[in-house]
Amino acid sequence: MAYDLKDVKMPVLTGKALRAFAAALDGRITGPGLVKKLMADAGVPRLAELKDLPAPLFLPLAPAPEPAPAAGEKKQRLTSRLVAIFRREPSSTAPSTPPAGPAPFRNSADFAAAYKSGRLSPEEVAERFLAAYARFNPQIRAFIAVNPDDVRAQAAASAMRWRRGEPLGPLDGVPVAVKDEFDVAGYPTTVGTAFLKDVAGEDATAVARLRAAGALIVGKANMHELGANPTGHNPHHGHARNPYDPARDTGGSSSGPAAAVASGLVPLALGADAGGSIRVPAALTGVYGLKATFGGVSEYGAYPVCWSVAHVGPLGASAYDVALAHRLIAGPDPKDPHTASAPVPEEPNWGREDLAGLKVGVWPTWFDHAEDEVVAAARAALARLEAAGAEVVEFELPGLDDARIAHAVTVLVEMGRSFQRTQEHWRALAPATRINLKIGQSAAGADYVAAQQVRALMVAALDEVLQRVDLIATPTTAVPAPLIPKAAETDGISDLGTVTKLMRFIFLTNLTGHPSLSLPAGYTEAGLPVGLQLISRAWGERTLLEAAWALERTTERRRPRVFVDLLE
């Protein structure tokens, strides 16, 4: 079976060249021909040549993980589900003591333990956060907005609850960052732009659920403009920079959340992922990032950048952080009909000693299509999974390049359509963002429908593989964090070759909706983090997280160059 993903060699555009190219795309005479050439280079015309495709699948909604209740049980089952959603009760089969964070990182359980013991209070941690934010944010641009008065007010309320012995939940007083794609009451939602400035009157559902568990929402985190690329470039709010090396990129578009977690400013952040936007920055900054099953977490209150490939999920310092956040934010939301079949996730078994019986699928040709140091670190992580009892099983998956094209068409068309509501601000966008949106707005309806036919084909193909294995493993990205060119600081950058390498392993599950997790695998010789991606069946997040926990216990974690320990 042929493996058909290839490296792409394209000119890197910055500065005057980038601005000129974006202007040429906008031109009435030059634009149509350039767009046609770009689409041809991306392989879009090939979609029209594909034969015997199934009916299109416009939303990759997975069926509910349990059979529908009998008529007499329906009311009781619904009541039980609502109680679980709003109380967020812990699983009766899971250990009651959560694991501590992997040194040098602190996780949410470490903060809760410090508050419970009285060693520190949320007010003290809030002051430490604000001091560290003032010191480090100019270096890494993790946050675009922090309200010190609001942070202090939240911390004071949390401290009062802890003194009374009545914390709201496991996140009470724990600092949490929120990607600027989500509404947070009292903050503008800019989505990384210079022109979206409306102040939110209420929290997005995912933010509200974190806040209901006591989360100390410390501010809005940076992102790539409109989430239009898997990098941290943003000429409006400053480029997010990697805490392991501030001369390098964080990845994106959830760049600020990743930088905030990796630097120790927070143990947990909320992100969104339409094309690797959680997993890519998690990998490049050495943290955990979970893209949940499509429809598992409410999109209400998230800016509608796109619809059928978008996923909400957490980034965290440990497997426990992302598991806890996922359990809190997932489940049905009447404000988002796509979540109607979503279960309330089960808590992972933190006492699981080994991975005996777990089958991990690997397509060696795909797995090894990355830089040597990335492959070495990812292979070492795979060996640690085997040492923990997992069995590695080889598989093949046809049609990956068709899936790449289908994902690109889908996300760009949907983003292009979404932006039409604010088309009058076209010239306020960065040139690289305009290039992507122009392609999406120029695509034919037939191309979009063909992409959804490919989606249906790939959902079935991936489901078939996941009937034979429990997880699929790949590197998360094909390269470690790239350098940020100085010429990119003003207008950003268009670098299709690097973008292709960043997205090589991650686009598939945005298209199919399957859950996937990036976790730390190791480091390059230069000390840059490498991520391992795990993919599971729909609603298989517990399996992902238990495998991640097994690896966490045997994976080295290094202190980033820009780092603070808020508990010391």
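This is a predicted model: local features need pLDDT of at least 70, side-chain atom pairs count only at pLDDT 80 or more; totals for chains, interfaces and linings use all residues.
Ser108 lies in helix 4, which spans residues 108-117. Its relative accessibility is 0%, so Ser108 counts as buried. The side chain of Ser108 makes a polar contact of 2.5 Å with the side chain of Asp321. Beyond its neighbours within four places in sequence, Ser108 is in contact with Leu171, Val174, Pro267, Leu268, Tyr320, Asp321 and Leu324.

Aromatic pairs were examined next. The structure holds 13 of them. In one, the ring centres of Phe105 and Phe563 are 5.4 Å apart, with the planes at 80°; the pair is therefore edge-to-face. Phe105 lies in the loop between helix 3 (74-87) and helix 4, and Phe563 in the segment after helix 19 (541-552), so the pair ties together parts that are 458 residues apart in sequence. Both Phe105 and Phe563 are buried.

A tilted pair is formed by Tyr244 and Tyr523. Here the distance is 5.8 Å centre to centre, and the angle between the planes is 50°. Tyr244 sits in the loop between strand 5 (241-242) and strand 6 (245-249). Tyr523 belongs to strand 14 (residues 516-523). This pair links distant parts of the chain, 279 residues apart. Tyr244 and Tyr523 are both buried.

Two further aromatic features were found. Phe129, Tyr133 and Phe143 form one aromatic cluster. The ring of Tyr303 has the charged end of Arg421 over it, 5.8 Å from the ring centre.

Note on methods. Residues are numbered from 1 along each chain as its sequence is written. Side-chain values use heavy atoms; hydrogens and water are left out. Helices (H or I, at least four residues) and strands (E, at least two) are DSSP runs, numbered from the N terminus. Buried means under 20% relative accessible area, exposed over 50%, partly exposed in between (1.4 Å probe, protein chains only). A polar contact is a pair of N or O atoms within 3.5 Å; within protein, one must be able to donate a hydrogen and the other to accept it, and residues adjacent in sequence count only if both atoms are side-chain atoms. Contact means heavy atoms within 4.5 Å. Rings of Phe, Tyr and Trp (its six-membered ring) pair if their centres lie within 6.5 Å; planes under 30 degrees apart count as stacked, over 60 as edge-to-face and the rest as tilted. A charge sits over a ring if NZ of Lys or CZ of Arg is within 6 Å of the ring centre and within 35 degrees of the ring normal.
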